[in-house]
Amino acid sequence: MRKGQNLILIGFMGSGKTTVGVKLSYRLQVPVEDTDKLIERREGRSINEIFADDGEEYFRQLEMELLSELAGKNGSRIYSVGGGTPVRVENRTLLKRLGRVVYLRVSPETVYERLKNDSTRPLLQCQDPLGRIRQLMEERREAYEACADIIIDTDETDMDGILKKITEETEK
Ligand code: S3P
């Protein structure tokens with residue numbers, strides 16, 4: 001990771017953005033921030049509560065405002081962002097302005113296995129979570145790829161390999 005440059009982790013829910021962010025932060029000795037957690041802290045309520053009380057569009061607005069605030073700052077940080085952040089075209093521009101974008105690509109089956117007992121993702125609380133994962137992933141595929149500088153297929157790489165690849169690629 002180059003000095004003065006931020007690194008942004010994007011990818012579907014359950015792709016490992018938060019875990020990879022924390023591990024990279026230790027390895028590279030740079031601070032990590034998670035935009036979902038920043039939003040929860042500011043709002044004083046969980047993502048589930050924000051969706052239930054004010055709806056997805058309100059959450060998307062908060063997400064975009066936070067991103068434009070962060071894109072105005074400089075520094076060496078790692079950011080993990082919510083799985084839906086790159087869907088808005090304005091956010092894709094903001095993400096690229098914020099720093100090097102690393103896309104953690106993952107299969108729907110892996111996401112399903114990781115999140116089948118999770119209740120913190122409002123978009124997956126439905127009758128057919130695997131179907132919803134497949135559908136959302138397909139809808140978002142182009143958006144993720146369009147703003148990625150580096151793509152990592154996480155199903156085929158262990159954690160150490162993921163960290164190594166990000167470290168090497170972001171030195172270039
Ligand atoms: C969302 C992903 C979540 C969170 C919200 C919406 C999405 O973040 O922002 O539940 O639209 O994919 P994670 O990707 O960290 O789970």
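Author: Let us begin with a definition: helices are DSSP runs of H or I with at least four residues, numbered from the N terminus. The model shown here is predicted.

Reader: Which elements each supply at least two residues of the lining of the second largest pocket?

Author: This pocket has a volume of about 170 Å³. Of the 13 residues that line the second largest pocket, Glu33, Leu70, Lys73, Arg77 and Tyr79 are the closest to its centre. The largest share of the lining, three residues, is from α4. The elements that each give at least two residues are α2 and α4.

Reader: How many residues of the lining of the largest pocket are charged?

Author: The largest pocket has a volume of about 610 Å³. It is lined by 30 residues, and those closest to its centre are Met13, Asp36, Ile47, Thr120 and Arg121. Among the elements that give two or more residues to this lining are α1 (17-28) and α6 (108-115). By residue class, the lining has eight nonpolar and 12 polar residues, and the number of charged ones is 10.

Reader: What is the arrangement of the rings of Phe51 and Phe59?

Author: The structure holds two aromatic pairs. In the pair of Phe51 and Phe59, the ring centres are 5.2 Å apart and the planes stand at 40°. Planes under 30 degrees apart would count as stacked and those over 60 as edge-to-face.

Definitions and conventions. Residues numbered from 1 in each chain as written. Predicted model: local features only at pLDDT ≥ 70, side-chain atom pairs only at ≥ 80, totals over all residues. Heavy atoms only, no water. 1 Å grid on protein atoms, 1.4 Å probe; cavity = no way out; pocket = protein on both sides within 12 Å on 5 of 7 lines; lining within 4 Å. Points joined across faces, edges and corners; volume = space filled by probe spheres on them. Nonpolar A, V, L, I, M, F, W, Y, C, P; charged D, E, K, R; others polar. Phe/Tyr/Trp six-rings, centres within 6.5 Å; stacked < 30°, edge-to-face > 60°.
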